[in-house]
Amino acid sequence: MRVLILAVVAAPLLAGCISAVKTVVTAPVKAVGQVADWSTTSQDESDRNRGREMRKREEELGKLSRQRDKAAEKCRDGNEDQCQRAEVLDHEIEALMAAPR
């Protein structure tokens with residue numbers, strides 16, 4: 001009878017020990033998995049980053065094109081400085097278009 005009472009009283013204590021052992025044993029496995037997640041890029045993340053880069057590049061091209069168009073218009077009105085600026089902006093646009101993606 002004493003053994004049975006002792007077993008009933010000790011059961012919750014053993015459950016806590018088993019839980020602690022389980023946590024200690026599985027912690028390195030979980031840590032390695034987390035590091036793998038942090039160090040790799042999923043296809044979804046890669047696609048999202050690529051789209052972000054493309055939008056940024058298109059925004060830059062649009063900005064340069066608008067600046068070139070304004071400079072070209074002022075050039076047609078007779079402003080020589082704006083003619084040179086339009087030419088420089090045109091070269092910048094060409095360089096940006098030729099840059100690897």
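I count a residue as buried under 20% relative accessible area, as exposed over 50%, and as partly exposed in between, with a 1.4 Å probe and protein chains only. The model is predicted, so I take local features only at pLDDT of at least 70 and side-chain atom pairs only at pLDDT 80 or more, while totals for chains, interfaces and linings use all residues. Numbering starts from 1 along each chain as its sequence is written, and side-chain values use heavy atoms, with hydrogens and water left out.

**Overall**

I looked up the secondary structure and found 3 helices and 0 strands, in the order α-α-α from the N terminus. Helices (H or I, at least four residues) and strands (E, at least two) are DSSP runs, numbered from the N terminus. The chain has 101 residues, of which 10% count as buried.

**Charged patches**

For patches I take residues with over 30% relative accessible area and no salt bridge, joining like charges within 9 Å and nonpolar side chains (Val, Leu, Ile, Met, Phe, Trp, Tyr) within 5 Å. Lys and Arg count as positive and Asp and Glu as negative, with His and the chain ends not counted. I place each charge at NZ of Lys, CZ of Arg, CG of Asp or CD of Glu.

I find a negative patch made of Glu58, Glu59, Glu60 and Glu92. Helix α2 (residues 43–76) contributes the most to this patch, 3 residues. Glu58 sits in α2 and counts as exposed because its relative accessibility is 52%.

A positive patch consists of Lys63, Arg66, Lys70, Lys74 and Arg85. Its largest share, 4 residues, again comes from α2. I checked Lys70, which lies in α2; at 59% relative accessibility, Lys70 is exposed.

**Arg57**

What does the side chain of Arg57 reach at 3.0 Å? I find the backbone oxygen of Met97 there, a polar contact (N or O atoms within 3.5 Å, one able to donate a hydrogen and the other to accept it, and residues adjacent in sequence counting only if both atoms are side-chain atoms). Arg57 belongs to α2. Arg57 is buried without a salt bridge, and the nearest side chain of opposite charge, Glu58, is 6.9 Å away. A salt bridge needs a side-chain nitrogen of Lys or Arg within 4 Å of a carboxyl oxygen of Asp or Glu.

**Val88**

I place Val88 in helix α3 (residues 80–98). Val88 is partly exposed, at 46% relative accessible area. From Val88 to Arg68 I read 8.5 Å, C-alpha to C-alpha, across 20 residues in sequence.

Terms used:
Areas by Shrake-Rupley, 256 points an atom, 1.4 Å probe, with all protein chains shown as cover.
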